[in-house]
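Trainee: I would like to go through this model with you, from the whole chain down to single residues. Please keep to what can be computed from the atoms.

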Amino acid sequence: MDGGLDMMSGLEKIRGRFLDLLVTRQQSIAHHAVLAYESHTLDEVNGNLAAARDILHQIAGTAGSLGFDDLGNAARMCENEIVAHLNGPDNDLALCPDALLVQIDDFVEQCKGMLH
């Protein structure tokens, strides 16, 4: 019985750590999205989108296994939209589509809702 309690307290610690990291991760995602939107060079736009994609990938990979299924699915959707843009026909233009920025913003707001 004690092993089950230890496992549960361990899982709760991991969930707590995930939520602690989520604070800085959602801030970083928002920061990279704004930089991508405001940048004027292809490298800056795509570099910031790639950085946001990588953070979203980390969240998507962990959230579901910790019971945050909705957050994990939302992170994966944002990640996939960024990947589609970076691999799409406009990937050689120095722009961050408005719709992508809105989707990222929605994800950041979802994070804020979980954290409060």
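This is a predicted model: local features need pLDDT of at least 70, side-chain atom pairs count only at pLDDT 80 or more; totals for chains, interfaces and linings use all residues.

Trainee: What is the order of secondary structure elements along the protein chain?

Mentor: Helices (H or I, at least four residues) and strands (E, at least two) are DSSP runs, numbered from the N terminus. The protein chain has four helices and zero strands. Read along the sequence, the pattern is α-α-α-α.

Trainee: What box do the C-alpha atoms fill, and what percentage of the residues count as buried?

Mentor: Taken along the principal axes, the box of C-alpha atoms is roughly 60 × 25 × 20 Å. Buried means under 20% relative accessible area, exposed over 50%, and partly exposed in between, with a 1.4 Å probe and protein chains only. Of the 116 residues of the protein chain, the buried part is 34%.

Trainee: What percentage of the contacts with a separation of 6 or more comes from residues 24 or more positions apart?

Mentor: Contact means heavy atoms within 4.5 Å. For the protein chain, residues 24 or more positions apart account for a share of 70%.

Trainee: How far apart are the mean positions of the positive and negative charges?

Mentor: Lys and Arg count as positive and Asp and Glu as negative; His and the chain ends are not counted. Each charge is placed at NZ of Lys, CZ of Arg, CG of Asp or CD of Glu. With 7 positive and 18 negative charges in the protein chain, the mean positions are apart by 10 Å.

Trainee: What distance separates the end C-alpha atoms of helix α4?

Mentor: The expected span of a helix is 1.5 Å times one less than its number of residues. Helix α4 (residues 98-115) has 18 residues, so it should span 26 Å. The computed distance agrees, at 26 Å.

Trainee: Which residues of α4 are buried, and what arc do they cover?

Mentor: The buried residues of α4 are Leu100, Ile104, Phe107, Val108 and Cys111. They lie on the same side of α4 because their arc around the axis, taken from the directions to the C-beta atoms, is only 95 degrees. An α-helix has 3.6 residues a turn, so residues three or four places apart point the same way. The face of α4 turned away from the buried side carries the exposed residues Ala99, Val102 and Gly113.

Trainee: Which residues does phenylalanine 107 contact beyond its neighbours within four places in sequence?

Mentor: Phenylalanine 107 lies in helix α4 and counts as buried at 2% relative accessibility. Its C-alpha is 9.3 Å from that of alanine 30, 77 residues apart in sequence. Its contacts are Ile29, Leu56, Ile59, Leu71, Ala74, Ala75 and Cys78.

Trainee: Is glutamine 26 buried or exposed, and which residues does it touch?

Mentor: Glutamine 26 lies in helix α1 (residues 2-38). A relative accessible area of 6% makes glutamine 26 buried. Not counting residues up to four places away in sequence, glutamine 26 touches Val108, Cys111, Lys112 and Leu115.

Trainee: Which exposed residues sit on the face of α3 turned away from its buried side?

Mentor: Helix α3 (residues 69-87) has buried residues including Leu71, Ala75, Cys78, Ile82 and His85. The face turned away carries Asp70, Met77 and Asn87.

Trainee: Which residues does histidine 85 touch?

Mentor: Histidine 85 is in helix α3 and is buried, with a relative accessible area of 9%. Not counting residues up to four places away in sequence, histidine 85 touches Asn46, Leu49, Asp90, Asn91, Leu95, Pro97 and Leu100.

Methods: Residues are numbered from 1 along each chain as its sequence is written. Side-chain values use heavy atoms; hydrogens and water are left out.
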